[in-house]
Amino acid sequence: MRLGKSAIDTHTRARHFPTDESEIVSAAPAFQSVPRRRGRPPIAGLRDSILRAAESVFTLHDYDEVQMGQVADACGVGKGTLYRHFPSKRALFLAVMLEGIARLRAELEAKLEIDGSPAGKVERIVRHTLAYFWNRRFFLALIHQREHRRDGEREWRRHREQVSRLVQRTLEQAIAARQVRPVNARIAAEMLLSMIRGAGRYRARGDRLEDLVAGVVDAFMHGVATPAGRRVLAADGLRSRR
């Protein structure tokens, strides 16, 4: 029996490359059309761009005054694109808040990884947090007004507690090093965060970041620092730029 060329090629491939799918593959056409996915392909970084634009809009306007169209215009996208990423204003606002505090926590963790005295790390917390919210003062007030609402409360508190524990651990290290008196580190952490928030929220137009950092550090550390801790602050030059 004489075999045709295609059958011989199929038989040869199956003999030299024996697999269960040899004959199936050989019978398939050389090129197959791949079904196209419907809709526009995702744009890299678009979600982050929307969050940055929304943060700016929420900073400049009261929450109830903000319209989704304003955010879409600020980001340069259509409202349909905006709603594909965030189905409501509440979802968008919560995403801005959660992303913002998660980013602050990550940046603080990185700052505190740098070697230095525990008292010096307290100053880093004050400096970086004030700098982080320097151009977000009204947004900071908006967060404070809404952080205890039910919408997204559990997720918000989880991120908020992570920041608080980060400050608490730093204060515990300072206490162990005898650079801070043996106070309740958890309460002291909340006091420090409240001082930072107040300084950032109610600063005047002419206030400088360096002056506010120095004022918060001085008020807090002179309330809890031991003489040894104060000497460390002076020796480290904590008021110099880092």
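Mentor: A charge sits over a ring if NZ of Lys or CZ of Arg is within 6 Å of the ring centre and within 35 degrees of the ring normal. This is a predicted model, where local features need pLDDT of at least 70, side-chain atom pairs count only at pLDDT 80 or more, and totals for chains, interfaces and linings use all residues. Residues are numbered from 1 along each chain as its sequence is written, and side-chain values use heavy atoms, with hydrogens and water left out.

Trainee: Which ring does the charged end of Arg203 sit over?

Mentor: That of Trp134, with 3.9 Å from the charged end of Arg203 to the ring centre. The charged end of Arg201 likewise sits over a ring, that of Tyr202, 5.3 Å from its centre. Both distances meet the 6 Å limit.

Trainee: Why is the pair of Tyr63 and Phe93 called edge-to-face?

Mentor: Rings of Phe, Tyr and Trp (its six-membered ring) pair if their centres lie within 6.5 Å; planes under 30 degrees apart count as stacked, over 60 as edge-to-face and the rest as tilted. The centres of Tyr63 and Phe93 are 5.1 Å apart and the planes stand at 70°, so the pair is edge-to-face. It links distant parts of the chain, 30 residues apart: Tyr63 is in the loop between helix H3 (46-60) and helix H4 (68-75), while Phe93 is in helix H6 (residues 89-113).

Trainee: What makes Val167 count as buried?

Mentor: Buried means under 20% relative accessible area (exposed is over 50%, partly exposed in between; 1.4 Å probe, protein chains only). Val167 has a relative accessible area of 1%, so it is buried. Phe58 and Tyr63 are buried, and so is Phe93. Of the 242 residues of the protein, 40% count as buried.

Trainee: Which residues is Val167 in contact with, leaving aside its neighbours within four places in sequence?

Mentor: Val167, which lies in helix H9, is in contact (heavy atoms within 4.5 Å) with Ile125, Ala189, Leu192 and Leu193. The C-alpha atoms of Val167 and Ala189 are separated by 5.5 Å, though the residues are 22 apart along the chain.

Trainee: How do you know that H7 has a span close to the expected one?

Mentor: The expected span is 1.5 Å times one less than the number of residues. Helix H7 (residues 118-132) has 15 residues; 21 Å is expected, and it reaches 21 Å from its first C-alpha to its last. H7 is mostly covered, with 14 of its 15 residues buried.

Trainee: Which residues touch the most other members of the largest nonpolar core?

Mentor: Leu92 and Met221, in a core of 59 residues. Such a core is a set of buried Ala, Val, Leu, Ile, Met, Phe, Trp, Tyr and Cys residues joined through side-chain atoms within 4.5 Å. H6 gives the most to this core, with 11 residues. Beyond residues up to four places away in sequence, Met221 touches Ala119, Val122, Gln179, Val180 and Leu233.

Trainee: How many helices and strands does the protein have?

Mentor: There are 12 helices and zero strands, where helices (H or I, at least four residues) and strands (E, at least two) are DSSP runs, numbered from the N terminus. Among contacts between residues at least 6 apart in sequence, 72% join residues at least 24 apart.
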